[in-house]
Amino acid sequence: MSVNPNEKPEPGDERAERPEPAGKPVAGAAPGVPEVSEASEASEARPAAGPAEPEARPSEGAESAPEGAVPSPGAGAGAGAAPDGRRRLADALWPPRITRAQLIVALLLACLGFGLAIQVSSTSEGSALRGARQEDLVRILDELDDRTQRLEDEKTRLEKQRTELESSSDQAEEARRQTAEKERQLGILAGTVAAEGPGITLTVSDPVGAVESDMLLDAIQELRAAGAEAIQVDGVRVVANSYFTGGGDDMRIDGTQVTAPYVFKVIGKPEDLEPALNIPGGVVQTLEKEQATATVERSAKIVVDALRPAKRPDYARSSSS
């Protein structure tokens, strides 16, 4: 019987037109043909229904993740995120972006380090007391303390003189007294007046003639620095403008020849004068290296009686006259 596809079936005919349930053999099917269920037919017919659905896209949360976030092991985009982060870090660090302020700071630090290195090197290499013993360092420190005390005493004395001069009822007489005292002191320093007092006697023996004039001059300078007030060498008064020449058998002081052994008579504080000559690298050690010997003797009374003629200046005159 022919069926019109546009014609709706009658209500009573719905039952006749309903398909057979799955699992039942179709009437008239050939034996040996496998039965086909409706589920398998539906699965076979589904691909033909339309185009294949696209694969699931990564969630929008993964796309909007922060730049430095570490992707989870299961995320699909985790494999490409790590190289991108390293690449961005490398781009940020290289090439370096150096500003003018950074260059100025680096230059200043380099100059500061160079200066400190030079200072440390010069201090460590030029120190003459680097290998000194502890007792020698203590003695040198005591000598410096004594020298400082002498300067303080001199300052106190001058302030006292000024006070006496200002408060004296007869200022003219006080001025004359202080002038006479100052003249006596300057005469001792100039070598025009004899002097006596405590001090030391330094004897330098030179059996091989190796002592030079600069060695004796170094001894004079060390004694002056230690507070020597009057010095005499072999009958020659040593003053501020004295000079040493020659050496060996032709040693001269201010043009006067002196011979070994050289005897120094020095007035000053013996506790300061003797250590000044015996410091490490000082006068005594220097002379011993030249096969000369130096002996120091303390004395409660040293007489310095060698005098120098008072020389009148040719051009200078007192401004008060």
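**Entry 1, helix α7.** I began by checking the length of helix α7, residues 171–190. At 1.5 Å a residue, its 20 residues should span 28 Å, and the end C-alpha atoms are 28 Å apart, which agrees. The expected span is 1.5 Å times one less than the number of residues. Helices here are DSSP runs of H or I with at least four residues, strands are runs of E with at least two, and both are numbered from the N terminus.

I noted how I must read all this: the model is predicted, so local features need pLDDT of at least 70 and side-chain atom pairs pLDDT 80 or more, while totals for chains, interfaces and linings use all residues. Residues are numbered from 1 along each chain as its sequence is written, and side-chain values use heavy atoms, with hydrogens and water left out.

Which residues of α7 are buried? I found E174, Q178, G187 and I188; buried means under 20% relative accessible area, with a 1.4 Å probe and protein chains only. Their cover includes α6 (134–167), β1 (195–205), β2 (230–233) and β3 (236–238).

I moved on to strand β2, where Q232 lies. Q232 is buried, at a relative accessible area of 7%. Its side chain has a polar atom 3.2 Å from the backbone nitrogen of D305, and the Q232 side chain also reaches the backbone nitrogen of A306 at 3.0 Å. Setting aside residues up to four places away in sequence, Q232 touches V263, F264, K265, V304, D305 and A306; contact means heavy atoms within 4.5 Å.

Next I looked at nonpolar cores, which are sets of buried Ala, Val, Leu, Ile, Met, Phe, Trp, Tyr and Cys residues joined through side-chain atoms within 4.5 Å. The largest has 30 residues, and V211, L223, I231, Y262, F264, V266 and L287 touch the most other members. Elements supplying at least two residues each include β1, β7 (262–267) and α10 (283–289). The largest share, five residues, comes from α8. Apart from this core lies another of six residues, among them I188, A195, A230 and V304.

Of its contacts with a separation of 6 or more, 75% join residues 24 or more positions apart.

How values were computed. Buried means under 20% relative accessible area, exposed over 50%, partly exposed in between (1.4 Å probe, protein chains only). A polar contact is a pair of N or O atoms within 3.5 Å; within protein, one must be able to donate a hydrogen and the other to accept it, and residues adjacent in sequence count only if both atoms are side-chain atoms.
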